[in-house]
Amino acid sequence: MAAVVRASGTATSELKKKSLVPYLLLAPGLLWLALFFVAPIITLVGTATKTPGAGIGEFIQTYRWANYWDALTGASAQFGRSFLYAFIATLLALAIAYPLAYGIAFKSGKYKNILLVLVVAPFFCSFILRTIAWKQILGQNGPVYRTLLDLHLISSTTHLTASVPAVIIGLAYNFLPFMTLPLYGSLERIDPRVLEASGDLYANAFTTFRKVTVPLSMPGVVAGTLLTFIPAAGDYVNAEILGNPSTKMIGNVINAQFLNTQDYPTAAALSFILMIAISIMVMIYVRKAGTEELV
Amino acid sequence: MPDASTSAKGDLKLVNLTKSFGEFKAVDDLTLTIPEGSFFALLGPSGCGKTTTLRMIAGLEDPTSGKISIGSTDITDKRPYQRPVNTVFQNYALFPHLTIFENIAFGLRRRGIKDVKAQVDKVLNLVELPHLADRKPTQLSGGQQQRIAVARAIVNRPALLLLDEPLGALDLKLRRQMQIELKWIQTEVGLTFVHVTHDQEEAMTMADTIAVMNEGRIEQMGTPAELYDNPKTAFVANFLGQSNLIQGSIVDSDGDYHVVDLHGQKVKVLKSRTHSKTSSVLYAIRPEKLRIDTDGHIRPGNVFKGGHIVDVSYIGVSTQYQVEMPWGQEIMVFEQNDDGIPPLDKGDEVTLTFEPAFAFALDGSQDATAGSEVNPEEE
Ligand SMILES: Nc1ncnc2c1ncn2[C@@H]1O[C@H](COP(=O)(O)OP(=O)(O)O)[C@@H](O)[C@H]1O
Ligand SMILES: [Mg+2]
């Protein structure tokens, strides 16, 4: 491999001198990034350092960097909650999606395509409607509540909705396809003969799963957990619909600052802090998982 | 877990082994014994059921009926990981996420063997790749992966090593080299090797015993020389090397010989080399056993008269002739270019002679072209 890389390296350095084609091909993408990513971020960072002006909803740029610190300390509980809920929801989604993806990849036979369509079927319905549906499912007249009551697992004074578990269940449910699809993708790619080789080399089914299937599905695990954790940490719909005032997540705070209080600087500062925090976590996670060696 | 590799030793026995996929019988009532310590080749054209047979021995496929045993231990119902059998897969199937060292150590670790490092190093030296221990499989060439696949299997010292077309993905030159190397490794470690291939030359070079398989059944089994010199079916005669098969009938007896009438010409064949229950036979002679005589001096023995040359291919060490016989059939003749006489020309009238002892006769009701249309090199 090293030899190949070296050989192609000299070839491209010759090309570089001669041709602008790669840059021209990259140009639309770079432009797109500049317009829709870099520009908004600069605006965001700038907005965060403004202070209130004369009228309501009017802010003047005063470069007050302390806004960031104020925003962070003011919403630290919601930050912590967001990451905790997102973390638990991600684990829950992984626990549900792994067997599901495994079954579809290895055991579904001719039903494979139908099952894959069913995994993404929820996307045909609005995110908010689906979350409201969970309110019905977990509500006092819903099937879950009734069943648990009949089994004497809960008393009639317990509420399933407007609670921490409801928010976490909502998060796990809503992002489940994002977990399932990458997992399915990497499980599907495993060569069945490698699994047979493991059995041939004295590993029983469970050891084969642990020593071969799981390591080979790591790229899917990493991708799936990221695709679940990141949107879950910034989500406010689940906490809004399935939670109560003490389950507010950082998304709810940002939402309220922007739309209700119209405190744009604080909202912008919180958004930026959330972005940076998630980026750092993702970086550490990907490093630790060491996926680059797997693919 | 008990050390599976030492719990059973001895000959591998397949008894009435059958595998059906729906209506189709991929392996049909197979019975054979593979002696302990031998290099055994299962040879046959693509699709004849070789892989299915191996997979049943390895436990990766359940037989529809029949028994598999090693020594006195019946392993028919054992799980793959409970069998003292290891496989070198057709595409090697190395673990992509593990280093070469860990690939080889895999089986040892599963069985809780102590001196993993020493044993892995030993087989890495045996396949002459100790410097690759820390690489990943994708960083190896095809030939290197092949050797690691062998190392990963033999490190477990199984009672039986199964190799499914292990050289199929290699180019011709490397293939020839690996044939010699595999044979050497087998002698070195003394394990029973069951080698599946569709390449008759490969089987002849490597194996002590060859079983020729066709449509799920064993056509004939024996040493390479036995199979080549005395085939018992048209399929074997055509699949191993080439044969001229001429329709005829036994008309007389002369001591140890039958006298056979071939379209009006009388030739002899040893009774011991005649494998037909009726007088209708396919009279067979290998192309290199035929000699071309010019009308001046005809050598004694069997004689085909009245041929004329329709095609000549000069290929250095030998010249290959197509000779059309009076009854319209073309006969192949390979002549060694060792006599300094320039090759004959198209259209020349010739007489073919050969030692009667080289001829053999097969059941005349068979298709004379069975086994010849499959060209192993083309796959
Ligand atoms: N899982 C299967 N389902 C249906 N048919 C199969 C299956 N495996 C093999 N076969 C058929 O059985 C026959 C023998 O296959 P195989 O043992 O792979 O042949 P070989 O290894 O000699 O080329 C082939 O015709 C193949 O199509
Ligand atoms: Mg095969």
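This is a predicted model: local features need pLDDT of at least 70, side-chain atom pairs count only at pLDDT 80 or more; totals for chains, interfaces and linings use all residues.
Which residues are found around ligand 1? Around ligand 1 we find B:Phe21, B:Phe24 and B:Ala26, then the run B:Pro45, B:Ser46, B:Gly47, B:Cys48, B:Gly49, B:Lys50, B:Thr51 and B:Thr52. Sorted by class, this shell comprises five nonpolar, five polar and one charged residues.

Let me turn to the secondary structure behind that list. Two elements of chain B, strand S2 (24–34) and helix H2 (50–58), each provide at least two residues of the shell. The largest share comes from H2(B), which gives three residues.

Next, the polar contacts. For B:Gly49, a backbone N or O atom is placed 3.1 Å from an oxygen atom of ligand 1. B:Lys50 likewise presents a polar backbone atom, with 2.9 Å between that atom and an oxygen atom of the ligand. At B:Thr52 the side chain takes part: one of its polar atoms lies 2.5 Å from an oxygen atom of ligand 1. As for burial, ligand 1 on its own exposes 560 Å², and 59% of that area is buried by the protein.

Finally, a word on confidence in chain A. The average pLDDT of chain A is 89, and 92% of the residues score at least 70. Residues 1–12 of chain A, however, have a pLDDT below 50, and this stretch makes zero contacts in the model beyond near neighbours in sequence.

To return to the opening question, the shell around ligand 1 includes B:Gly49, B:Lys50 and B:Thr52, and H2(B) is the element that gives the most to that shell. Thank you.

How values were computed:
Residues are numbered from 1 along each chain as its sequence is written. Chains are lettered from A and ligands numbered from 1 in the order in which they are written. Side-chain values use heavy atoms; hydrogens and water are left out. pLDDT is the predictor's confidence in each residue, from 0 to 100. Contact means heavy atoms within 4.5 Å. A residue is near a molecule or strand if one of its heavy atoms lies within 4 Å of it. A polar contact is a pair of N or O atoms within 3.5 Å; within protein, one must be able to donate a hydrogen and the other to accept it, and residues adjacent in sequence count only if both atoms are side-chain atoms. Accessible areas come from the Shrake-Rupley method with a 1.4 Å probe; for residues, only the protein chains shown count as cover. Helices (H or I, at least four residues) and strands (E, at least two) are DSSP runs, numbered from the N terminus. Ala, Val, Leu, Ile, Met, Phe, Trp, Tyr, Cys and Pro count as nonpolar, Asp, Glu, Lys and Arg as charged, and the others, Gly among them, as polar.
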